[in-house]
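Please consult the sequence and the structure shown below.

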Amino acid sequence: MTTNTLVRGRRTDLRATYSPPQEENPFAAMAARLDRAAAELELDADIYRILRQPERQLTVAIPVRMDSGAIEVFTGHRVVHNTGRGPGKGGIRFDPRVSLDEVSALAAWMTWKCAVVDVPFGGAKGGVMCDPLVMSPGELERLTRRYTSAIIDGLGPDSDVPAPDVNTNERVMAWVMDTYSMHVGHTVPAVVTGKPVALGGSLGRREATGRGCMIATREALVHLGMSLTGATVAVQGFGNVGSVAAQQLSRAGARVVGIGDRTGALYDARGIDVDEAAAWVRRHGTLEGYAKGTSLTNAELLTLDVDVLVPAALENVITTKNAARVRAKVVCEGANGPTTAEADEILEENGIFVIPDILANAGGVTVSYFEWVQNRAGYAWTEALVNERLEDTMVRGFRDVLELSRNRQVSMRTAAYMLSMSRVAAVHELRGVYA
Ligand code: NAD
């Protein structure tokens with residue numbers, strides 16, 4: 001039963017009764033990959049029991065005074081999956097589809113992602129079930145501050161450090177940072193990453209996830225004997241991750257022929273001017289009305305005959321219903337969980353090289369880590385240094401996973417889970433169980 005029924009008007013139900021089919025349950029999807037990797041690793045059953053469970057799941061009611069004068073009560077979650085390797089780390093998502101299962105899956109993916117690129121954080125995630133696209137800036141600020149205060153006991157630079165995710169941005173992170181700082185009585189930049197640079201944010205953070213996707217794609221193409229120069233690319237999602245991935249890939253020589261967002265998609269065989277499309281989205285909020293190319297549905301975008309497909313919107317877009325029609329040679333998962341566990345097998349059988357989400361989009365958390373390091377040292381790095389270290393981290397992560405995948409004859413996804421689970425398991429073995 002949801003608590004965020006509107007008092008007066010705009011909407012009455014935020015998918016209160018939405019229960020995804022099992023294939024599309026994100027926690028089940030995450031657990032299916034874990035089971036497979038744990039079996040390959042012959043992981044100790046006791047340690048595995050620890051890794052499968054989130055450490056903490058918090059659900060909060062968030063009353064917000066809306067501009068109409070009425071009070072609306074939203075539901076929010078913050079889940080810390082594992083802190084064995086360091087503070088919980090993970091974004092905050094504002095979306096009508098947010099559920100505890102989804103946030104728990106995203107928190108676990110953060111644990112594995114940090115471990116794949118060897119960043120000393122654990123995994124966490126937060127979400128509020130709301131529709132930010134119909135909320136005013138004032139309503140969003142009040143929602144953010146009340147949510148932050150509701151989960152504040154678990155937050156802190158040494159315990160749990162949020163960041164942006166779907167429908168949240170550096171503006172929202174500034175409110176989180178300010179609310180936390182007001183509570184503790186002094187300014188604490190390191191409590192959140194993805195902040196505005198003026199508040200201690202890192203140069204290069206906004207672009208980091210998309211840049212990381214470009215680096216992982218380039219490495220994958222080299223491995224397959226192909227080149228990024230001239231490679232054709234389709235990108236689903238044109239927000240922070242998708243638009244930057246498209247720009248970075250285009251600057252690196254690829255031809256982005258398809259892009260799309262929640263309003264639809266477009267195709268141009270000659271290549272889309274992604275800088276112009278990104279400028280359009282900055283002005284208008286979405287790609288709607290940007291008519292340079294043939295319009296497509298999102299379903300058509302995903303099955304374009306391209307070298308590289310970058311799903312960079314939401315979960316469950318490649319499922320058993322369409323996986324057999326995916327024609328890309330490489331799928332670079334910019335989004336978290338875009339492919340269901342069942343669809344993995346179809347892509348694998350068809351010889352499609354999948355760069356799994358926990359590796360492909362790890363550039364964001366890598367530079368979040370750099371931001372946290374800079375905040376704690378009180379010393380800002382140049383953008384060139386950030387990008388150079390991001391490049392090193394992504395290339396090392398990609399090569400570690402590829403090597404394991406070849407040695408053990410498993411997919412890149414299973415190898416990524418094996419690598420990260422073995423790193424987290426090693427920490428638990430060394431630390432023991434506090435009784
Ligand atoms: P965002 O809110 O900036 O952008 C989301 C994009 O997806 C928008 O263009 C939106 O229109 C589009 N979209 C939404 N619903 C859609 C639909 N049904 N069909 C097609 N397009 C749709 O979010 P973001 O930060 O770019 O995050 C995108 C994905 O990347 C999420 O899975 C997120 O968890 C993941 N991710 C983000 C970061 C980060 O640093 N922001 C890091 C790692 C992973």
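This is a predicted model: local features need pLDDT of at least 70, side-chain atom pairs count only at pLDDT 80 or more; totals for chains, interfaces and linings use all residues.

Which atom of F238 lies 2.9 Å from an oxygen atom of the ligand? It is a backbone N or O atom of F238.

**Ligand contacts through the backbone**
- A polar backbone atom of R262 is 3.0 Å from an oxygen atom of the ligand.
- For G334, the distance between a backbone N or O atom and a ligand oxygen atom is 3.5 Å.
- On its own the ligand has 830 Å² of accessible area, and the protein covers 85% of that area.

**The shell around the ligand**

**Packing of α6 with α12**
- Helix α6 spans residues 205-223 and helix α12 spans residues 363-377; their axes are 7 Å apart, at an angle of about 145 degrees.
- The crossing of α6 past α12 is right-handed.
- On the α6 side the contact involves R205, A208, T209 and G212, which meet G363, G364, V367, S368 and E371 of α12.
- This contact of α6 with α12 includes two nonpolar, five polar and two charged residues.

**Packing of α1 with α3**
- Helix α1 (residues 26-41) packs with helix α3 (residues 100-116) at about 35 degrees, and their axes lie 7 Å apart.
- From α1, the residues P26, F27, M30, R33 and L34 make the contact, together with D101, E102, S104, A105, A108, W109 and W112 from α3.
- The contact of α1 with α3 has eight nonpolar, one polar and three charged residues.

Definitions and conventions: Residues are numbered from 1 along each chain as its sequence is written. Side-chain values use heavy atoms; hydrogens and water are left out. Axes are lines fitted to C-alpha atoms, for helices over the stretch in contact, and angles run from 0 to 180 degrees between N-to-C directions. Helices (H or I, at least four residues) and strands (E, at least two) are DSSP runs, numbered from the N terminus. A crossing is left-handed if the near helix is turned anticlockwise from the far one by less than a right angle, and right-handed if clockwise. Contact means heavy atoms within 4.5 Å. Ala, Val, Leu, Ile, Met, Phe, Trp, Tyr, Cys and Pro count as nonpolar, Asp, Glu, Lys and Arg as charged, and the others, Gly among them, as polar. A polar contact is a pair of N or O atoms within 3.5 Å; within protein, one must be able to donate a hydrogen and the other to accept it, and residues adjacent in sequence count only if both atoms are side-chain atoms. Accessible areas come from the Shrake-Rupley method with a 1.4 Å probe; for residues, only the protein chains shown count as cover.
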